[in-house]
Amino acid sequence: MLKKIQEIKNYIGDDNIKYETVIEVENTQDPDIKTLNLKSGSWSGKEPWFVIDENQKLHTMISLDSIGNLIKNFQQLQEDNFDLKLEKTILQHVPIDYQDVWAVAMDELKKIAGKNNNAKSLNVDLEKLLRKIKKDHPNLFLNLKDLFANQIIQGS
């Protein structure tokens, strides 16, 4: 089990992280009671703690604060990813004023999400959304066909 813990440490790739708390769960005479034995580290060691159960399976244990931080970080990553996808989709439609298109897109997303939902956690076809915005607000986008047609007429 200690080898598996070392493999996890190597996988993460941070030599500064010390997984020192390893606990083993052992059966007792009473099937409802288990004994925890500290195999290495200390009871006040840094997270995560590793727990080897009675079937020699490896588990990790972290605090609720750490789980909350993981969830918060995941949600932020999800929002950042959504923002990047929206930004890319907007730019592909050649906006005249990027910020105006972003504002319109966010308003549309809020309408879709309703008042109680987070617009950035929706599963929305951003390409379809931008085509609708472009149709409803053509003045926010460059029309490349017209631009090239004007250049050809002026160039002749």
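**Exercise 1. Determine how many helices and strands the chain has, and in what order they run.**

Solution. Helices (H or I, at least four residues) and strands (E, at least two) are DSSP runs, numbered from the N terminus. By this criterion the chain has five helices and four strands. Read from the N terminus, the order of elements is α-β-β-β-β-α-α-α-α. The model is a predicted one: local features need pLDDT of at least 70, side-chain atom pairs count only at pLDDT 80 or more, and totals for chains, interfaces and linings use all residues. Residues are numbered from 1 along each chain as its sequence is written, and side-chain values use heavy atoms, with hydrogens and water left out.

**Exercise 2. State what percentage of the 156 residues is buried.**

Solution. A residue is buried under 20% relative accessible area, exposed over 50%, and partly exposed in between (1.4 Å probe, protein chains only). Buried residues amount to 24% of the 156 residues in the chain.

**Exercise 3. Find the aromatic pairs and classify each as stacked, tilted or edge-to-face.**

Solution. Step one is the rule: rings of Phe, Tyr and Trp (its six-membered ring) pair if their centres lie within 6.5 Å; planes under 30 degrees apart are stacked, over 60 edge-to-face, and the rest tilted. The count by this rule is two aromatic pairs.

Step two concerns Trp43 and Trp49. Their ring centres are 6.0 Å apart and the planes stand at 65 degrees, so this pair is edge-to-face. Trp43 is partly exposed at a relative accessible area of 45%, whereas Trp49 is buried at 17%.

Step three concerns Tyr98 and Trp102, whose rings are 6.1 Å apart centre to centre with 35 degrees between the planes; this pair is tilted. Both residues belong to helix α3 (residues 98-113) and are four residues apart, about one turn of the helix. Tyr98, at 22% relative accessibility, is partly exposed, while Trp102, at 18%, is buried.

**Exercise 4. Describe how helices α2 and α4 cross, and which residues make the contact.**

Solution. First, axes are lines fitted to C-alpha atoms, for helices over the stretch in contact, and angles run from 0 to 180 degrees between N-to-C directions. The axes of α2 (residues 64-92) and α4 (residues 126-136) come within 10 Å and cross at roughly 45 degrees.

Second, angles under 35 degrees count as roughly parallel, over 145 as roughly antiparallel, 65 to 115 as roughly perpendicular and the rest as oblique. Helices α2 and α4 are therefore oblique to each other.

Third, contact means heavy atoms within 4.5 Å. From α2, the contact involves Phe82, Lys85, Leu86, Thr89, Ile90 and Gln92; from α4, Leu126, Glu127 and Leu130. Ala, Val, Leu, Ile, Met, Phe, Trp, Tyr, Cys and Pro count as nonpolar, Asp, Glu, Lys and Arg as charged, and the others, Gly among them, as polar. On this basis the contact residues comprise five nonpolar, two polar and two charged.
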